[in-house]
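Here are my notes on this one, as promised. Have the model open while you read.

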Amino acid sequence: MAKFYDEIPESLIEWIKKQHMFWVASAPLSPDGHVNLSPKGTADSFHVMNSRRVWYQDLTGSGVETISHIRENGRVTILFNAFEGPPRILRLFGTGTVYEYGTEEYESLISPETRKPGSRAAIVIDVYQCQTTCGYAVPIYDFITHRTQLLRMADIEESRDRALDPLHQKGLKAYWVRKNLRSLDGLPGLLTAPDSKVTLVNNFDKEGQRPKLQHSYSREGSAQSNGANLAISFALGALVATTLPYILSAARTFDINSFDLMHVILNGTVEIDSESPHDWIPCSTDQIIPMAKYYDEIPESLIEWVRKQHMFWVASAPLDPGGHVNVSPKGTADCFHVVNSQRVWYQDLTGSGVETISHIRENGRITILFHSFEGPPRILRLYGIGTVYEFGTQEYESLIPPETRKPGSRAAIVIDVYQCQTSCGYAVPIYDFVAHRTQLLRSFDMKESRDRATTSTEINPKGLRAYWILKNLSSVDGLPGLLTAPDSKATCLSVFDKEGPRPKLSRLSSRDVDVLRTGGTLAVGFVIGALVATALPRILSVTGNFSIRA
């Protein structure tokens, strides 16, 4: 079950401080307005003042949706979810206040010593409700590093402001004027920051080291390199075993530090700059911070990219100014599908809430977010109008037959995409995908088995239908949720293999495990190569097929 609190428990405050990123959801009140969802992953940007108030340093982007929505209605939701360690989802529902760059309130929160390049506002959120849920559908990822490209680009723009560009065509404030004065729906964005006389100063070390990654930083790439590592170490072992006696004989007094040799072998990997190509710097001197791009339909290249992603996020909102804006992570494998360039759908699994379904029933608005954790950075938003097809309906069964249905599947959410947006993703950290969790599927497979063991006229109190009745009939704000699924006569069938492997959490990250595995591979190959090179001449000599000179 979800748990609700009137304030943030101390244990969750400590957990929040350990997270590497968060997501912000907001929405305008207009039924035609764009629901926004943005990932935030710059280090040390989120702060907890107390159990009822948090704030974050809002960095410049190609849009200004969150600020505009807060100005209009105040609603904002912050999402954290666990990629490492025990699963967890945390939502902070609050009322936001915007303090723009150059104001006294901004400067009281963000001094020049703590200001990030591109920082345009402090977003302060008074939390009126805190919610935790299981997080069983969030995949397991290993954190690799924070990207720094957004900070580097903004620092360049700010240096132009400090140079007092006479034409006022370049620099961060000029960018604010071009891109941050209005939201997509025409709501006011930045009001005073572009005209502020305060000099743009930040604490960014432009000469600082950029994050480094191993050339084969993914688990797949690491696995593929094991064979090469074994071959190289075998050759080295054979070479050392062959030449070492001659060296010792010639030098008479030769001492080799095998620990240092092995250290060189194990650590002699080639490193590359994670910001090239992962964090690419545009060569243009006219426009440093990249603009968002908009499409009326999803380009084919993005469709192929979407199909490779391991998870996505969904945002929706009611029209009531006091309603909860929702954001939910979705990470069960093979749940998202692209019908064509203007229509997508996903298999909606049972959760402890029914917010997305309720919001779609009321106003249709829904936003899907994808972003890159691996490879070149990218953010993709799909703005659309959703339709709900519940379990047991003909439309549901045409999309989700029993052989593709996941345990706990309660609806097919079909989205007609009217706009597609891409942006840089330079503030999204780099993560390494490890595995999909299976706890949610296992949990609902058990509930469905109880339903199947009960006659069609009865409801098992521990089955899935009873759970729907208990938790999924209405949203947090009282909007209608599931209407027909709990009373459907259709049997809950799925393809889940309950005997399948379960993902295992390790105290070591996958990269640490890969390093140890690589070291073991090199050591084994080296030893085998040395043994073969030492023993083979003697074996051949004994058999009479090999002659060796002293």
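The points below go from the whole chain down to one strand.

1. Ground rules first: this is a predicted model, where local features need pLDDT of at least 70, side-chain atom pairs count only at pLDDT 80 or more, and totals for chains, interfaces and linings use all residues. Residues are numbered from 1 along each chain as its sequence is written, and side-chain values use heavy atoms, with hydrogens and water left out.

2. Overall, the protein has 13 helices and 20 strands (DSSP runs numbered from the N terminus: H or I of at least four residues for helices, E of at least two for strands). Of its 550 residues, 50% are buried (under 20% relative accessible area, 1.4 Å probe, protein chains only).

3. Among contacts (heavy atoms within 4.5 Å) with a separation of 6 or more, 79% link residues 24 or more positions apart. The accessible surface (Shrake-Rupley, 1.4 Å probe) is about 25900 Å², and carbon and sulfur atoms hold 55% of that.

4. Now have a look at strand E13, residues 312–316, where 5 of 5 residues are buried. In a regular strand, side chains alternate between the two faces of the sheet. Both faces are covered in E13: Phe312, Val314 and Ser316 sit on one side, Trp313 and Ala315 on the other.

5. Which strands pair with E13? E14 (residues 326–330) runs antiparallel to E13, joined by 5 bridges, and E17 (residues 365–371) is also antiparallel to E13, over 3 bridges. Pairing here takes at least two DSSP bridges between the strands.

6. Two partners to click on: Phe312 bridges to Lys330 in E14, while Trp313 stands opposite Leu369 in E17.
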